[in-house]
Amino acid sequence: MQDDVEVDELDRAIAAALQLNGRAPWSLVARLVGASESTVVRRAAALGERGLLRVIGVVDVLRCGLGVPVLSRIRCRPGTTYDVAAAIAARPEARFVAVVSGSADCVAEFVVPTHAAIGKVMIADVPGGGDRVSESETHAVMRTFVSNHDWNPGVLDEAATAELRDAAEPPFEDFFGEGPPDRLDELEQVIVQALGEDGRLPYKALAKVAGSSESTVKRRVESLVRRGCLRFRTLTEPEVLGYALEFMLWLEVEPGLLERAGRQLAAHPGTRYLSATTGRFNLAAQVALRHYGALFRYLTDDVGSLPGLRAADVTLQLTTLKRAWAPTPAARSTENPA
């Protein structure tokens, strides 16, 4: 977590609006947060310059056959954790990297081409160097219940939230299925690559990058969204949205009750991400709470009430270096404290 994030209520409302709908028109955001459009654009630009706000397009790699997400829990030799985390964050396969405390020192999400590639990443080519990693375990993602781009931080009222959500695309998870991958064609690959850099890129500019007409590009984007291949994610740290604590939750649940437990936990307002995984833990979540003091009740009441729960483990996120492939402000400013 960062200690130097300073934002006011208007900044927080703008970030929350974009969290709910990353491509919402500035005029809509301005009306819902109660400010002029010019003020909203200026504030958003200032947050972007500080590395606190960015909208990108993200692709469902499983649905599009682009790879397999794998969550890794890593134990490091004393004094080497930040070196290992930085080495992992530099790798192109790493989509998420955080230094944590608890039963692991570092948590990372890799996207590998196939399940067979897991061995190369975690055994033959240990991230950060074998002399600095004492232990690691991998959990391949089987299903995603909720993703960070679908999270409602609860900053705006219900009416504003509903209006922004109505204008946004449905969640990836509505498209969950067991069919073959939905492969992207050449034009779609160019489009998603451009939106991966700037998720608010206007259609006119996107058409120029793609070498196609504006109407064609617009139809392709709408098709990608409708098929569940493309979503828009707002990259902003939890502190900006008023959350003081972020952590990874690792659960072992009876297989027959995994679906029920997953749906129940996904409905909790603090759940930013939740997936069913292979391995020792079969549910992995990323959770944000407004205060550290809320953690005890969360574990005893919310986690404790899950059906079929056998074991639970918490690793608190100390420094997050990478989210959705992008380095965080902490990654650009934090030096190895060891």
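Modeller: On the α1 side the contact is made by Leu10, Asp11 and Ile14, and on the α3 side by Thr39, Val40, Arg43, Ala44 and Leu47 (contact means heavy atoms within 4.5 Å). By class, the residues of this contact are 5 nonpolar, 1 polar and 2 charged (Ala, Val, Leu, Ile, Met, Phe, Trp, Tyr, Cys and Pro are nonpolar, Asp, Glu, Lys and Arg charged, the others, Gly among them, polar). Axes are lines fitted to C-alpha atoms, for helices over the stretch in contact, with angles from 0 to 180 degrees between N-to-C directions. Helices (H or I, at least four residues) and strands (E, at least two) are DSSP runs numbered from the N terminus.

Residues are numbered from 1 along each chain as its sequence is written. Because the model is predicted, local features need pLDDT of at least 70 and side-chain atom pairs pLDDT 80 or more, while totals for chains, interfaces and linings use all residues, and side-chain values use heavy atoms, without hydrogens and water.

The axes of α7 (residues 186-197) and α9 (residues 214-226) come within 10 Å and cross at roughly 80°, which makes α7 roughly perpendicular to α9. Here Leu187, Glu188, Ile191, Val192 and Leu195 of α7 meet Thr216, Val217, Arg220, Val221 and Leu224 of α9. This contact divides into 7 nonpolar, 1 polar and 2 charged residues.

In strand β7 lies Leu249, which is buried, at 0% relative accessibility (buried is under 20% relative accessible area, exposed over 50%, partly exposed in between, with a 1.4 Å probe and protein chains only). Leaving aside residues up to four places away in sequence, Leu249 touches a set of residues that includes Leu265, Leu283, Val287, Tyr298 and Asp313. Its C-alpha atom is separated by 9.9 Å from that of Tyr273, 24 residues away along the chain.

The structure holds 3 aromatic pairs (ring centres of Phe, Tyr and Trp, the last by its six-membered ring, within 6.5 Å; planes under 30 degrees apart are stacked, over 60 edge-to-face, the rest tilted). One of them joins Trp250 and Phe281, a tilted pair with 6.2 Å between centres and 45° between planes. Trp250 belongs to β7 (residues 245-253) and Phe281 to the loop between β8 (271-277) and β9 (283-289), so the pair ties together parts 31 residues apart in sequence. Both Trp250 and Phe281 are buried.

Two charges sit over rings (NZ of Lys or CZ of Arg within 6 Å of the ring centre and within 35 degrees of the ring normal). The charged end of Arg23 sits over the ring of Tyr203, 4.9 Å from its centre, and Arg290 lies over the face of Tyr243, 4.3 Å from the ring centre.

Finally, most residues other than glycine have a negative phi. Ala324 has a positive phi of about 50°, and the phi of Trp325 is near 75°. Ala324 is in the loop between β10 (309-323) and β11 (326-327), and Trp325 is placed in the loop between β10 and β11. Ala324 is buried, with a relative accessible area of 9%, whereas Trp325 is partly exposed at 38%.

Terms used:
Parallel < 35°, antiparallel > 145°, perpendicular 65-115°, else oblique.
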